[in-house]
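Reader: Hello! I am new to this structure and would like a close look at one part of it. Could you walk me through the charged side chains that pair up?

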Amino acid sequence: MSLRSTARDSWRSKWGFILSCIGSAVGMGNIWLFPSRVSAYGGGTFLIPYLIFVFLISSTGMIGEMSFGRATRSGPIGAFGQATKQRFGTEKPGRLLGLVPVLGSLALAIGYSVVVGWIFKYLFHALEGTLAALPDVGAFDSFFGATASSNVAWQVAGMVVAIGIMIFGISRGTELANKIMIPLFYVLFLGLAVYLAVLPKTAEAYHYIFRFDLAGLRDPMVWVFALGQAFFSLSIAGNGTLIYGSYLSDEANVPRDARVVALFDTLAAFLSALVIIPAMAYAGQQLNTGGPGLMFVALPNVLKDIPGGTLVLALFFLAVVFAALTSLVNLFEAPAATLQEMFRLPRPVAVSIIGVVGIVVGLIIAPNVSGWMDVCSIYICPIGALLAGVMFFWVCKKDFVLQQVNKSCPKPLGRWFLPATRWVFCGVTLLVLILGATTKGGIG
């Protein structure tokens with residue numbers, strides 16, 4: 001029985017799919033990394049290469065992964081298998097290679113579940129006022145240290161919520177959750193940005209964010225980190241976007257949907273910068289670090305001292321919970337769907353198995369989650385994206401690829417598309433892998 005013939009759930013609406021893809025892309029990279037990159041690499045100067053790479057990747061690789069999933073009605077294993085069967089007459093090599101992005105998605109989801117647990121705990125303590133009562137950055141550092149070393153209950157709670165959403169399926173679970181959480185995320189962050197804009201001392205922050213120094217574009221590291229930020233922010237890894245695409249109808253206009261997802265993901269990153277950089281400016285601090293320390297130590301210490309700090313902290317972490325949960329659900333979808341399809345398991349059973357694995361392994365790796373996530377982001381994600389790009393743009397036949405990406409498009413993509421995807425996108429993905437492996441700490 002072909003994977004393609006298996007009855008599959010599907011999106012109920014165009015915006016359900018788009019919001020779910022936005023939810024998969026909007027995550028911690030937008031919130032704790034993008035503002036620090038903007039700060040460290042010249043404000044508006046950094047935005048120029050960043051927007052170039054967002055346009056490039058969304059116009060090639062993102063369209064490819066969505067179209068590949070829709071064409072095969074399968075996750076990476078089935079999709080890669082159908083690609084090699086089309087070219088070489090056998091599914092086996094493709095199916096074996098498809099394990100890489102599936103296992104990569106599972107590994108990244110497990111690491112991400114640890115972070116989601118931290119966020120759940122912070123939201124709870126923000127709501128009850130404990131965070132606002134912490135006196136200084138040293139107290140926040142100790143609080144985060146205690147959270148990172150032992151956070152079993154909240155980590156399990158985050159996983160249970162994610163599993164609960166997924167059990168209801170794509171249309172009644174994932175789509176519905178994203179339709180609620182993603183608009184609320186934007187409303188909350190927009191409200192925070194407006195509130196911070198009227199506080200004193202923040203005007204300098206906007207000048208800093210939007211300043212342009214074209215001489216800064218000569219620094220190769222500006223381009224390197226802009227590439228890494230764009231690549232990882234758009235959730236291109238041969239798994240999540242591909243599997244979401246597999247639930248698309250043939251009537252969907254994939255190139256248009258990819259552009260909309262890229263636009264809103266970029267907007268989320270900008271909103272994060274418009275919240276975080278002004279907040280740090282209000283406190284007289286320079287934003288020169290990113291990562292977990294920014295969101296769990298430096299920023300809460302700043303937000304608690306602004307007018308209405310207790311409420312602002314609660315709203316901030318509520319918005320972050322929405323972003324984190326939607327990303328976590330996306331990461332677990334590829335392994336859950338693969339288990340469901342390969343063994344013909346009911347959706348609740350497949351999701352529960354993946355959930356149990358996620359909880360058990362997540363609790364084991366929690367003390368060393370940073371190293372775990374580095375391996376996943378630096379190596380596994382770019383490899384998965386490269387494999388998906390090679391399978392769809394090189395292994396699948398040219399006519400098949402063009403037919404799939406242009407399906408339901410009022411204006412078909414030009415002759416530029418296939419060369420751009422084969423040489424530019426696949427080359428850029430290989431470059432991301434090489435730079436990530438050779439740059440200390442990675443580039444995403």
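Author: Happy to! Let us begin with R95, which is partly exposed at a relative accessible area of 24%. The side chain of R95 meets that of E91 in a salt bridge, with 3.9 Å from N to O. E91 is partly exposed as well, its relative accessible area being 29%. Keep in mind that this is a predicted model. As a general point, side chains of opposite charge can pair when their charged atoms come close.

Next, look at helix α10, residues 169–197, where E175 and K179 are four residues apart and so separated by about one helical turn. Their side chains meet in a salt bridge of 3.3 Å, N to O. Buried or partly exposed: what are the two partners? E175 counts as buried, at 1% relative accessibility, while K179 counts as partly exposed, at 34%.

Now turn to E333 and R347, another salt bridge, whose closest N and O atoms are 2.8 Å apart. E333 lies in helix α16 (residues 309–342) and R347 in helix α17 (residues 347–365), so this pair ties together parts that are 14 residues apart in sequence. Both ends are buried: E333 has a relative accessible area of 0%, and R347 has one of 12%.

There is also a network of salt bridges, which links R73, D250 and K407.

Methods: Residues numbered from 1 in each chain as written. Predicted model: local features only at pLDDT ≥ 70, side-chain atom pairs only at ≥ 80, totals over all residues. Heavy atoms only, no water. Salt bridge = Lys/Arg side-chain N within 4 Å of Asp/Glu carboxyl O. Buried < 20%, exposed > 50% of the residue type's maximum accessible area, 1.4 Å probe, protein only. Helix = DSSP H or I, 4+ residues; strand = E, 2+ residues; numbered from the N terminus.
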